[in-house]
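Student: Could we go through the terms used for this model and set each value against its definition?

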Amino acid sequence: MRIAIIGTGFAGLAMGIQLKQHGFEDFVIFEREATVGGTWRDNHYPGAACDVQSHLYSLSFAPNPRWSRQFAPQAEILEYTRGLVETYGLGPHIRCSEGVEYATYVSERGMWEVDTAQDRYTFDLVVSACGGLSRPRIPEFRGLSEFRGDVFHTAQWNHDVDLRGKNVAIIGTGASAIQVIPAIAPLVGQLDVYMRTPSWILPREDSAVPSTTQKLFEKFPKLLEAKRAAIYSRMESRALAFFNPALMKLAQKQLDEFLDASVADPELREKLRPTYLPGCKRILLSDDFIRDATRNVHLITEGVREFYSGGIRDGMGGERQHDVVVMATGFQVSEDVAPFPIVGDSAP
């Protein structure tokens, strides 16, 4: 079979590796960007890291004994994905800077026609591994075009913009924002965070993995397997609460206690306390977001009404001046399986 894989994030690379291990060599992996890596290539904002423990957030058949931290930083995960390409000989199968623009199933031929900017190809099977955390969602804020400062999304971070001493706004308090905020808070002159809905936050409990432990994992792979299995079992056990509101109420008590212990200001504490049961929205992990939210971060809960040339007007009409606005407004994750048209009859 001739097979197309679209995307070189974890899903695309894992698919390619498994095809090779099962004897399939006639496949192509298309990548729209110049290098591989998917989410971990595109999201390189300050503080970017995984919120799943490193020894679990890696391929089961390609364990990495040399993770430097319990929760690996972005650059380390990106290096891991590039190592997969070399280790498993995927290089000849990958076509970078060749994004797919159209895929058509031709029922009378039982084949797929895949169009890129460079050519048209024919395949027996197409696997979409496009992912959802590389296509930013930016709301259509009124007046955004009038703003004179710098604006960029967390997944399109502009490292040429010097934030030191600047008045910076971050719109959103999701998984990316709570990593960015502690990373830039010590640098900026003022940091305003526009929060629409608070999230339940668990302590992350991140720490470095000692070099002696790394060496042990390298010398005794079974220890690494046991570490991975332990993390997996612990994480899966938490799923019980998602199917039992009584158990989730117990979890909420722990989350409330963490918030109460972290925030002394009662008014700010209530701004940060969600009004819904944990699990109705993604539970976030952070050791330092709440700490920084109580120090030099100004939390704005009135929403964004519009932009003006010097900054943002909130929902109550208040004006706040900003030099830089960072959009932590999420991604296009609920759209179609691929960011290009897929047409034709369903495959038999």
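Tutor: Let us start with a bridge: Gly 311 has Gln 321 of E16 as its bridge partner. This is a predicted model, in which local features need pLDDT of at least 70 and side-chain atom pairs count only at pLDDT 80 or more, while totals for chains, interfaces and linings use all residues. Residues are numbered from 1 along each chain as its sequence is written, and side-chain values use heavy atoms, with hydrogens and water left out.

Student: What makes E15 and E16 a pair?

Tutor: Two strands pair if DSSP finds at least two bridges between them (strands being DSSP runs of E, at least two residues, and helices runs of H or I, at least four, numbered from the N terminus). Strand E15 (residues 311-314) and E16 have three bridges, in the antiparallel sense, so they qualify as a pair.

Student: Why do E14 and E16 stand at the edges of their sheet?

Tutor: The open sheet has the order E14-E15-E16, and strands E14 (304-308) and E16 (319-321) each have a single partner strand, so one side of each is left without a neighbour in the sheet.

Student: Why is the pair of Trp 40 and Tyr 57 called edge-to-face?

Tutor: Rings of Phe, Tyr and Trp (its six-membered ring) pair if their centres lie within 6.5 Å, with planes under 30 degrees apart counted as stacked, over 60 as edge-to-face and the rest as tilted. Here the values are 5.9 Å centre to centre and 75° between the planes, so the pair is edge-to-face.

Student: How do you know whether Trp 40 is buried or exposed?

Tutor: Buried means under 20% relative accessible area, exposed over 50%, and partly exposed in between (1.4 Å probe, protein chains only); Trp 40, at 9%, is therefore buried, whereas Tyr 57, at 27%, counts as partly exposed.
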